[in-house]
Amino acid sequence: MVQLSQVAAANYHYKRYSLDYFLDSVVRLGFRNIELWASGPHFHLDYFSLEDVKQLNKKIKERGLKVICLTPEQFVYPISISHPDPDYRKQSVEFFRRHIEAASLLECDRVLVTTGIAYLDADETETWKWIRESLGEICKTAEKEGVYLPVEAFTSFTTHVFNSAAHIAQMIQEVGSPNLKGLADTDVMATTGKDTIHDFIRELGDDLNHVHFVDGNPGGHLVPGEGKLDMAEALKALNDIDYKGYLGLELLDRRYILDPEKAMRDSLTWFEKHLS
């Protein structure tokens, strides 16, 4: 059975409050695991020295918290390993490498990766090759640092080349690194409309390494129970396979921005009800 300790708080919707406020907030609520969104204003790595990262790790540990996944902002930032320009891809690979090294300093063994935006007028076979080669390079650093890379399929509005569970499974096989894994996002899969949680479980098997457990209409990344998705069925599916990974609360809707702690508390209440 999925345990409440597998639910990880996240700071996405805390961006109008300081990172210290977020850390104190989740401690107040009783969380012990966090998914850390690496973005401004909280943790934009370009503005952090190695010593700053070490001090952040100390701050996190002093509160009895553990970072279970580092998620660099890679959607609105100019990051894409799908890009036709080799220099663009090279810089994107370096971006992920730096975050893997930061994750090691934070004693975190997961860094979320994505393929970025894919051009509709680029050759699909070439785009897939660029992604495979880039992930292969990123995996070299991940293997060295002992960090897993749960790769997420974006929606069809972002990429037509990498937006399904089957795409993740195929890429894991082709790259051939033991550190490349898969991520299932309940709202993203509903928005794309290709897969269900059952498809992700079937396609990925033991390579299902992380889940973003959020509701939607679809779309929105809402507190479980506040959208139209069957979150109880998704939780049951994970229970049925005795899922041992984490459930990250990637709450993104603007309705949560001014009172982020309430949204986190409401999420916790949903889990307490459905895990009892």
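Sort the lining of the largest pocket by class and you get eleven nonpolar, ten polar and seven charged residues. Here Ala, Val, Leu, Ile, Met, Phe, Trp, Tyr, Cys and Pro count as nonpolar, Asp, Glu, Lys and Arg as charged, and the others, Gly among them, as polar. Keep in mind that this is a predicted model, where local features need pLDDT of at least 70, side-chain atom pairs need 80 or more, and totals for linings use all residues. Numbering starts from 1 along each chain, and side-chain values use heavy atoms, without hydrogens or water.

**The largest pocket**

- A pocket is an open set of points on a 1 Å grid where a 1.4 Å probe fits, with protein on both sides within 12 Å along at least five of seven lines; lining residues have an atom within 4 Å of a point.
- Its lining has 28 residues, with Phe 75, Phe 154, His 221, Glu 250 and Leu 252 nearest the centre.
- Helix 6 gives the largest share of that lining, three residues; helices (H or I, at least four residues) and strands (E, at least two) are DSSP runs, numbered from the N terminus.

**Glu 73**

- You'll find Glu 73 in the loop between strand 3 and helix 3 (86–105).
- Glu 73 counts as buried because its relative accessibility is 12%, and buried means under 20% relative accessible area (1.4 Å probe, protein chains only).
- Leaving out residues up to four places away in sequence, Glu 73 touches Trp 37, Ala 38, Ser 39, Ile 79 and Phe 95, where contact means heavy atoms within 4.5 Å.

How values were computed: Buried < 20%, exposed > 50% of the residue type's maximum accessible area, 1.4 Å probe, protein only.
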